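Open the model in your viewer and show the side chains. This tour goes from one selection to the next and says what is found at each stop.

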Amino acid sequence: MFKNALILGASGGIGGALVAALTAQGTPVTALARSRDGFDVTDPASVAGHLGALKGPFDLIILATGKLDGAGLPPEKSLKALSAEAMVDQFATNAIGPALVLRELPRLLPKDAPSTVAILTARVGSISDNHLGGWYSYRAAKAAANQVIRTAAIEIARSYKQACLIAYHPGTVASDFTKDYARDKLPLEAAAAHCLCLMSRLSAAQTGRFYDWKGDQVPW
Ligand SMILES: NC(=O)c1ccc[n+]([C@@H]2O[C@H](COP(=O)([O-])OP(=O)(O)OC[C@H]3O[C@@H](n4cnc5c(N)ncnc54)[C@H](OP(=O)(O)O)[C@@H]3O)[C@@H](O)[C@H]2O)c1
């Protein structure tokens, strides 16, 4: 069981389910959300201010923020649908946001004890697993986030030898996020349970990897 958890994006479907599951286990949870606390990953001052005010250390940190639209537009089905504005918006939330969070995170990790950090990206951010095409902005932003995570894991491992930082694909989950899209969705409670099950099994040996909800590695 974790000693002290931090869930960012706690107002979302998956973030909220993670808070509920951890609380039910008796794990103390600090939760931050944009709509409730003003924690906005697209605003560097907001990220630095909110995370800078936390004391920690946290042995579990999960970033569950994200969006599917770009500037209000749905994911692109074709090149013709590309819009610079939508792409910039996607990168601000899904790539630069996680990078800004990672910039503030190391000081919240225990120096001499194990810790696990998961950033929710998405399988569609895998370049080698892309067989369907489409969704240019979301895919590209999530791929960029994956690269940031991998790079940060290398750096963090130098000073925090027991830390594990991964990119995580939560599955296709029944949240607001997927309301217009997928079928065969994982219920939120199951998604949280799968996520926490993997988190409890990870160690520093797995840092810098990309995992899915089944605990399988996703190719970059
Ligand atoms: N659901 C799926 O099937 C699925 C599949 C693959 C990957 N994912 C990834 O999993 C993550 C969570 O998805 P979800 O299903 O829980 O989505 P969700 O229910 O739509 O929740 C999205 C969360 O992101 C927050 N958010 C959005 N923009 C933000 C910003 N600029 N700053 C801070 N918070 C922001 C929202 O905050 P407010 O509501 O407070 O504004 C909300 O808490 C996302 O990264 C998504 O890409 C989800």
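Select Trp135, Tyr138, Phe177 and Tyr181 together: these residues make up one aromatic cluster. The model is a predicted one.

Keep Trp135 and Tyr181 selected. Their rings are arranged edge-to-face, with 5.4 Å from centre to centre and 75 degrees between the planes. Now colour the chain by position. Trp135 is in the loop between strand 4 (115–120) and helix 5 (136–159), while Tyr181 is in the loop between strand 5 (163–169) and helix 6 (188–201), so this pair ties together parts 46 residues apart in sequence.

Move to Tyr138 and Phe177. This aromatic pair is tilted: the centres are 6.0 Å apart and the planes make an angle of 55 degrees. Tyr138 belongs to helix 5 and Phe177 to the loop between strand 5 and helix 6, so the pair links distant parts of the chain, 39 residues apart.

Is Tyr138 buried or exposed? Its relative accessibility is 6%, and buried means under 20%, so Tyr138 counts as buried. Phe177, at 30% relative accessibility, counts as partly exposed.

For the last stop, select Lys111 and Tyr160. What sits over the ring of Tyr160? The charged end of Lys111 is there, 4.4 Å from the ring centre.

How values were computed. Residues numbered from 1 in each chain as written. Predicted model: local features only at pLDDT ≥ 70, side-chain atom pairs only at ≥ 80, totals over all residues. Heavy atoms only, no water. Phe/Tyr/Trp six-rings, centres within 6.5 Å; stacked < 30°, edge-to-face > 60°. Helix = DSSP H or I, 4+ residues; strand = E, 2+ residues; numbered from the N terminus. Buried < 20%, exposed > 50% of the residue type's maximum accessible area, 1.4 Å probe, protein only. Lys NZ or Arg CZ within 6 Å of the ring centre and 35° of its normal.
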